[in-house]
Amino acid sequence: MTDLRQQFIEGMSRAATFVSVVTTDGEGGRHGVTVSSMTSVSADGPAPSLLICVHQQSPAATAILRNRGFCANLLADDQQQLSDIFSGRFKPAEGDRFSAVDWAPGARGQPVLARASAAFECTLTTALLCETHYIIVGAVTGVDLSERTDALLYGQRAYRRAIKL
Ligand SMILES: Cc1cc2nc3c(=O)[nH]c(=O)nc-3n(C[C@H](O)[C@H](O)[C@H](O)COP(=O)(O)O)c2cc1C
């Protein structure tokens, strides 16, 4: 069983993914967490939709469920530090995670991180607890696109850039 888990983790580490910081604000508090799990669901429903998987013990998961909204900020390839801040790898000397970064509320009040490659503001449509993680689906209400088109990647336990083959 342990071997299978280890093999799973090793296999998944080879699937380089882009890195997002999911932020949320509202009655449930302001929180943010780094994820590799942000994925498009559909561009062609009543609204475009995306999903994220967030550990049930993450304060951000509880806050998203309560706030019923979030913003998925796709990081640009020079924003490793934001990833480290919102994953808890780097602790700001003072203040919370948000005081260490540039951000502003989006049209629906969800925190949009400055200079992210793209920021998808969402309302919560579905949350499903699967084993340890919530699968959270959002209906996209707005997209901010920056001039930084190259997104940050994470694979084989390191940050990476995509190169054209
Ligand atoms: C590149 C990267 C990707 C991550 N992806 C996820 C993810 O998809 N879902 C998740 O729950 N945690 C993910 N984590 C872990 C969280 O960012 C965080 O470290 C962990 O949930 C502890 O969060 P907390 O300090 O907010 O409690 C990722 C961390 C890194 C560095």
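This is a predicted model: local features need pLDDT of at least 70, side-chain atom pairs count only at pLDDT 80 or more; totals for chains, interfaces and linings use all residues.
Two strands count as a pair here if DSSP finds at least two bridges between them.

**Entry 1**

Glycine 69 has threonine 123 in S9 as its bridge partner. For my own reminder, strands of a sheet pair through backbone hydrogen bonds, either parallel or antiparallel.

**Entry 1: overall picture**

I stepped back to the whole protein chain. I get three helices and 12 strands. The radius of gyration is 15 Å, close to the 15 Å from the globule rule for 165 residues, so the chain is as compact as a globular protein of that length. Along its principal axes, the C-alpha trace spans about 45 × 40 × 35 Å.

Of the 165 residues, 34% are buried. Among contacts with a separation of 6 or more, 67% are between residues 24 or more positions apart.

**Entry 2: the seven-stranded sheet**

What is the strand order in the open sheet of seven strands? I read it as S3-S2-S6-S9-S10-S5-S4, with antiparallel pairing. S3 and S4 (39-42) are the edge strands; each has a single partner strand, so one side of each has no neighbour in the sheet. On average, neighbouring strands here are turned by 35 degrees against each other, ignoring direction.

Then I went through the pairs around S10. S9 (residues 118-130) and S10 run antiparallel with 12 bridges. On that pairing, phenylalanine 120 sits opposite valine 143 in S10. S10, covering residues 133-145, also pairs with S5 in the antiparallel sense, over seven bridges. There I found cysteine 53 with isoleucine 135 of S10 as its bridge partner.

**Entry 3: the three-stranded sheet**

I found an open sheet of three strands too, in the order S1-S11-S12 and again with antiparallel pairing. Its edges are S1 (17-18) and S12 (158-160); each has a single partner strand, so one side of each is left without a neighbour in the sheet. S1 and S11 (residues 153-155) pair over two bridges. Phenylalanine 18 stands opposite leucine 153 in S11.

Which loop holds glutamate 131? I placed glutamate 131 in the loop between S9 and S10. That hairpin has two residues between the strands. Phi of glutamate 131 is near 55 degrees, a positive value in a residue other than glycine. Is glutamate 131 buried or exposed? The cut-off for exposed is 12 or fewer other C-beta atoms within 10 Å; glutamate 131 has 7, so I put it down as exposed.

Arginine 157 went on the list as well, with a positive phi of about 65 degrees although it is not a glycine. I found arginine 157 in the loop between S11 and S12. With 6 C-beta neighbours inside 10 Å, arginine 157 counts as exposed.

**Entry 4: around the ligand**

How many residues surround the ligand? I have 17, and the closest are Thr34, Val35, Ser37, Ser87 and Gly88. The elements giving two or more residues to this shell are S3 (31-35), S5 (49-55) and helix H2 (59-67). I sorted the shell by class and got eight nonpolar residues, nine polar and no charged ones.

Key. Residues are numbered from 1 along each chain as its sequence is written. Helices (H or I, at least four residues) and strands (E, at least two) are DSSP runs, numbered from the N terminus. The radius of gyration is taken over C-alpha atoms; the globule rule is 2.2 Å times the number of residues to the power 0.38. A residue is buried if 20 or more other C-beta atoms lie within 10 Å of its own, exposed if 12 or fewer, and partly exposed in between; C-beta atoms are placed from the backbone. Two residues are in contact if their C-beta atoms, placed from the backbone, lie within 7 Å. A residue is near a molecule or strand if its C-beta atom, placed from the backbone, lies within 6 Å of it. Ala, Val, Leu, Ile, Met, Phe, Trp, Tyr, Cys and Pro count as nonpolar, Asp, Glu, Lys and Arg as charged, and the others, Gly among them, as polar. Axes are lines fitted to C-alpha atoms, for helices over the stretch in contact, and angles run from 0 to 180 degrees between N-to-C directions.
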